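Welcome! Try each task yourself before you read the solution.

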Amino acid sequence: MKNLRLATINDIDAVEKLYNDITTHLENNFNYSGWENGVYPVRATAQGHLENGLLCVYEAENGEIAGSIALNHLAGLGYDEASWQIPNGSNDVYLMHTLAVSPKYLHKGIGRQLLDYCAKLGKANNMLALRLDASSENAPALALYESCGYVHVDTRDIQYGDEILKDFWLYEKLL
């Protein structure tokens with residue numbers, strides 16, 4: 001996992017570029033995730049992840065940030081009603097947000113490595129489980145999560161800020 005590390009404030013420009021590259025790619029191809037250029041994810045998303053938890057990055061051999069993911073304890077509304085294996089509201093659970101892999105580095109196992117890194121960090125910080133969500137239409141993400149041992153526990157509408165996201169699959173992995 002030599003290419004995986006925790007981000008610093010100095011990585012924000014690179015993570016913003018990563019987000020822009022991804023949303024541009026999605027606009028020009030099939031947009032499984034529903035992410036929108038200039039809407040989500042944006043620079044403020046990366047800054048918020050860094051301020052409210054852990055922002056993890058995958059750094060390519062050339063120094064480019066090829067992927068990122070965030071860990072924190074901030075659940076969207078709708079998580080509280082799910083059928084979790086670990087009781088909801090536990091501070092012993094990391095929530096994962098904004099798994100992002102550069103279009104230049106797709107199908108190279110970076111998403112899987114980021115998820116494995118989150119599990120390593122979770123265990124090191126005595127977490128009992130990891131949780132995440134994804135649009136029911138994001139077939140590549142759903143397949144990745146299930147292949148990494150995440151269990152689909154519920155489908156809910158969830159709310160982050162003012163936005164309500166419909167039919168999101170909620171996943172959990174015990175550590």
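**Exercise 1.** With which side chain does the side chain of asparagine 3 make a polar contact?

*Solution.* Keep in mind that this is a predicted model.
- Start by finding the residue: asparagine 3 sits in the segment before strand E1 (4–6).
- Next, look for its polar partner. The side chain of asparagine 3 makes a polar contact with the side chain of glutamate 61, at 3.4 Å. The cut-off for such a pair of N or O atoms is within 3.5 Å.
- Now widen the view. Setting aside neighbours within four places in sequence, asparagine 3 is in contact with Val57, Tyr58, Glu59 and Glu61.
- Finally, check the accessibility. The relative accessible area of asparagine 3 is 15%. Buried means under 20%, so asparagine 3 is buried.

**Exercise 2.** Work out how helices H1 and H2 are oriented to each other: parallel, antiparallel, perpendicular or oblique?

*Solution.* 
- Locate the two helices: H1 covers residues 12–28 and H2 covers residues 43–52.
- Read off the geometry. The helices pack at an angle of about 130°, and their axes are 8 Å apart.
- Compare the angle with the cut-offs: over 145 degrees counts as roughly antiparallel, and 65 to 115 as roughly perpendicular. H1 and H2 are therefore oblique to each other.
- List who takes part. H1 contributes Ile12, Asp13, Val15, Glu16 and Tyr19, while H2 contributes Arg43, Thr45, Ala46, Gln47, His49 and Leu50.
- Sort these residues by class: 5 are nonpolar, 3 polar and 3 charged.

**Exercise 3.** Is the peptide bond from tyrosine 40 to proline 41 cis or trans, and is proline 41 buried or exposed?

*Solution.* 
- Begin with the bond: omega from tyrosine 40 to proline 41 is near -10°, and the bond is cis. Most peptide bonds are trans.
- Turn to its accessibility. Proline 41 has a relative accessible area of 1%, so this residue is buried.
- See what surrounds it. Not counting residues up to four places away in sequence, proline 41 touches Tyr19, Thr23, Trp35 and Thr98.

**Exercise 4.** Describe how H3 and H4 meet.

*Solution.* 
- Helix H3 spans residues 110–124, and helix H4 spans residues 139–147.
- They pack at an angle of about 50°, with axes 11 Å apart. That makes H3 oblique to H4.
- The crossing of H3 and H4 is right-handed.
- On the H3 side are Gly111, Arg112 and Leu115, which meet Leu144, Tyr145 and Ser147 of H4.
- By class, this contact has 3 nonpolar, 2 polar and 1 charged residues.

How values were computed:
Residues numbered from 1 in each chain as written. Predicted model: local features only at pLDDT ≥ 70, side-chain atom pairs only at ≥ 80, totals over all residues. Heavy atoms only, no water. Axes fitted to C-alpha atoms, helices over the stretch in contact; angles between N-to-C directions. Helix = DSSP H or I, 4+ residues; strand = E, 2+ residues; numbered from the N terminus. Parallel < 35°, antiparallel > 145°, perpendicular 65-115°, else oblique. Contact = heavy atoms within 4.5 Å. Nonpolar A, V, L, I, M, F, W, Y, C, P; charged D, E, K, R; others polar. Buried < 20%, exposed > 50% of the residue type's maximum accessible area, 1.4 Å probe, protein only. Polar contact = N/O pair within 3.5 Å; in protein donor to acceptor, adjacent residues only side chain to side chain. Left-handed = near helix turned anticlockwise from the far one by under 90°.
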